[in-house]
There are 2 protein chains.
Amino acid sequence: MRSEFDFIQNIKTKYALTRVGDDCAVLPKDSRTDLVVTADMLVEDIDFRCGWTTGKFLGQKALAVSLSDIAAMGAEPRWAMLSIAVPKRLWDTDFPKEFFDGYYRLSTKYKVEIVGGDVSRSPDKFVIDSIVAGEVFKGKAALRSGAKPGDGIYVSGPLGGAAAGLAMLERGERYSASLPGWKKTLLLKQLAPLPSSLGAELRKLGASSMIDLSDGLSSDLAHICNASGVGARLDANLIPIHREIDGLNLTSHEKFDLALNGGEDFELLFTVDEKKISPKKLGKFFRIGDVTANIDIIELIDGKRLQILQPKGYRHF
Amino acid sequence: MRSEFDFIQNIKTKYALTRVGDDCAVLPKDSRTDLVVTADMLVEDIDFRCGWTTGKFLGQKALAVSLSDIAAMGAEPRWAMLSIAVPKRLWDTDFPKEFFDGYYRLSTKYKVEIVGGDVSRSPDKFVIDSIVAGEVFKGKAALRSGAKPGDGIYVSGPLGGAAAGLAMLERGERYSASLPGWKKTLLLKQLAPLPSSLGAELRKLGASSMIDLSDGLSSDLAHICNASGVGARLDANLIPIHREIDGLNLTSHEKFDLALNGGEDFELLFTVDEKKISPKKLGKFFRIGDVTANIDIIELIDGKRLQILQPKGYRHF
């Protein structure tokens, strides 16, 4: 049984899909602008469970996942297309309507125009394909491939919240308005994430490479290293852990594992040449390590201990 | 149980998806060019059956369906994205590879660059979303809404072949290279259609409205009438029936029904102001009737009999 990753790699190699592999494809739009485009397919019982979420949350997430890819290119989102396959059992429920409400509401918030898509029946599972296009100054899209040894490595926010929310769902917790705030926060990180709106700002600041944290820090950093031909050294004590995770009864090792390997936080991971930028401008981001010249090697320093990381990012539930 | 049509109409009305409803969304690209974009979702056991087709045929069809939408806008296809959800049972078979081969081969033939997409697991069904973008001179996309009373109504080729192929599959026939030619032709019309390459030419000739025949002549003509605020009068004796259908043991009424109501022929249906164009240029197309001022009324004339059509196009199998 090949993994999804092998399967995709195989497709890329065979069909020379050279533009595939970054968060978005980059296409010429006009003399000043490039178009960046992404598609994200979400499948019921692979990427979500209808009993764990609401239509509204799911609609928001379907768009957020794609908006996060647009942000990771340093682009501004412009338009979206939405294809869905809806099983009979949901047809006459409020679920599709709420799904559209959630998708539409987030599209309004991020000024994305929904221009089309497709609606089909499905024998049993709800399937969503969300396509979003954005714009960025020509040749300026933030890629995974620009990291240089010596650059600092940053994340845009605390990590592990979405994975903690998933763990809560897996052991039977469900979202309700009456839950304590910290539980709602973690569940919403998983069920209805908000994409970062800092992508374009980070590109302007001069991020040398960027990716959104969908698979998890260890995996997504490996993607940057691989695309850039570099390595990385992370400082375990600098990796920001979502503070609501403290509400869960976890060891510090377990908490750290959520932040390092948990997926779907949809924060931005980026590298930057700190000689070219005033430290003040990076003040609101979290510096977690340094780019090295050890190609594809990710080191994790914890005090005096050094460990070589094996990527073991998120593989969906 | 609402129909797919009601469901989509409801979405369009509620979310003011004004650009949805034509074959493609039309978006500004640069000062001279518009981008047209379409998404088509195909779901196993709704839109196709793996046991009735091959990976290669299905890949070709997945792209052809979208290319046909691009042609219907009078545009030239440029790039494609492909999202697929693949169930475990197919993962280690040749099916996905052959599917990509079929998609890729047709993309090469139509000069479409595959720029990205998504690959996901699926619990059971193979699901495909094919997104294709094309280009057309600014403001010149052929829409459904331009038909005028007095225009002639034309189709680009004979009809009913794909529906005949579907009927053959439904009663147990399967494609094989050893079948007689006429059977292969009809099965391939259903399993591996080729999109029309005449869309851009028809736009330049001055088609006043255009749509591709995916739902069936009666339904798709109703879409044009509805979008244009006109009616239509069809001459039953002018509707071209795919000649290989003669191989099937059908009454003339049954054959005519395949051509009038059968879907997925992916020919182009268009209207044209015949005062503005030399008849010679329309010589290779089939004139089937006239646009009238009777809004949303489609009349069918058969000798002296006149019948008002109820759209009963293709609803998939």
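Two strands pair if DSSP finds at least two bridges between them. Helices (H or I, at least four residues) and strands (E, at least two) are themselves DSSP runs, numbered from the N terminus.

## Strand S7 of chain A

With that in hand, take S7(A), residues 207–212, and S9(A), residues 268–272: they pair in the antiparallel sense over five bridges. A:Ile211 sits opposite A:Leu269 of S9(A). S7(A) is mostly covered, with five of its six residues buried; buried means under 20% relative accessible area, exposed over 50%, and partly exposed in between (1.4 Å probe, protein chains only).

A quick word on ground rules: this is a predicted model, where local features need pLDDT of at least 70, side-chain atom pairs count only at pLDDT 80 or more, and totals for chains, interfaces and linings use all residues. Residues are numbered from 1 along each chain as its sequence is written, chains are lettered from A and ligands numbered from 1 in the order in which they are written, and side-chain values use heavy atoms, with hydrogens and water left out.

## The five-stranded sheet of chain A

Chain A also has an open sheet of five strands, ordered S1-S2-S5-S3-S4, with mixed pairing. Its edges are S1 (25–28) and S4 (113–122), each of which pairs on one side only. On average, neighbouring strands here are turned by 20 degrees against each other, direction ignored. S3(A), residues 76–87, runs parallel to S4(A), and nine bridges join the two.

H2(A), residues 55–72, touches S2 (33–43), S3 and S5 (127–137) of chain A, and its direction makes about 35 degrees with that of S5(A). H4(A), residues 95–109, touches S3, S4 and S5 of chain A, and its direction makes about 175 degrees with that of S3(A). Axes are lines fitted to C-alpha atoms, for helices over the stretch in contact, and angles run from 0 to 180 degrees between N-to-C directions.

## H2 against H4 in chain B

Over in chain B, the axes of H2 (residues 55–72) and H4 (residues 95–109) come within 6 Å and cross at roughly 40 degrees. The two helices are therefore oblique to each other (under 35 degrees counts as roughly parallel, over 145 as roughly antiparallel, 65 to 115 as roughly perpendicular, and the rest as oblique).

Which residues meet? From H2(B) they include B:Leu58, B:Leu63 and B:Leu67, and from H4(B) they include B:Phe95, B:Phe99 and B:Leu106. Contact means heavy atoms within 4.5 Å.

## Two positive phi values in chain B

B:Lys111 has a positive phi of about 55 degrees although it is not a glycine. B:Lys111 belongs to the loop between H4 and S4 (113–122) of chain B, and is exposed at a relative accessible area of 70%.

B:Glu264 is another non-glycine residue with a positive phi, near 65 degrees. Its loop runs between H9 (252–261) and S9 (268–272) of chain B. Is B:Glu264 buried or exposed? At 6% relative accessibility, B:Glu264 counts as buried.

## Around B:Ala232

B:Ala232 lies in S8(B), residues 231–235, and is buried, with a relative accessible area of 1%. The C-alpha atoms of B:Ala232 and B:Asp290 are separated by 5.8 Å, though these residues are 58 apart along the chain. Leaving aside neighbours within four places in sequence, B:Ala232 is in contact with a set of residues, among them B:Ile153, B:Leu221, B:Cys225, B:Val291 and B:Ile298.
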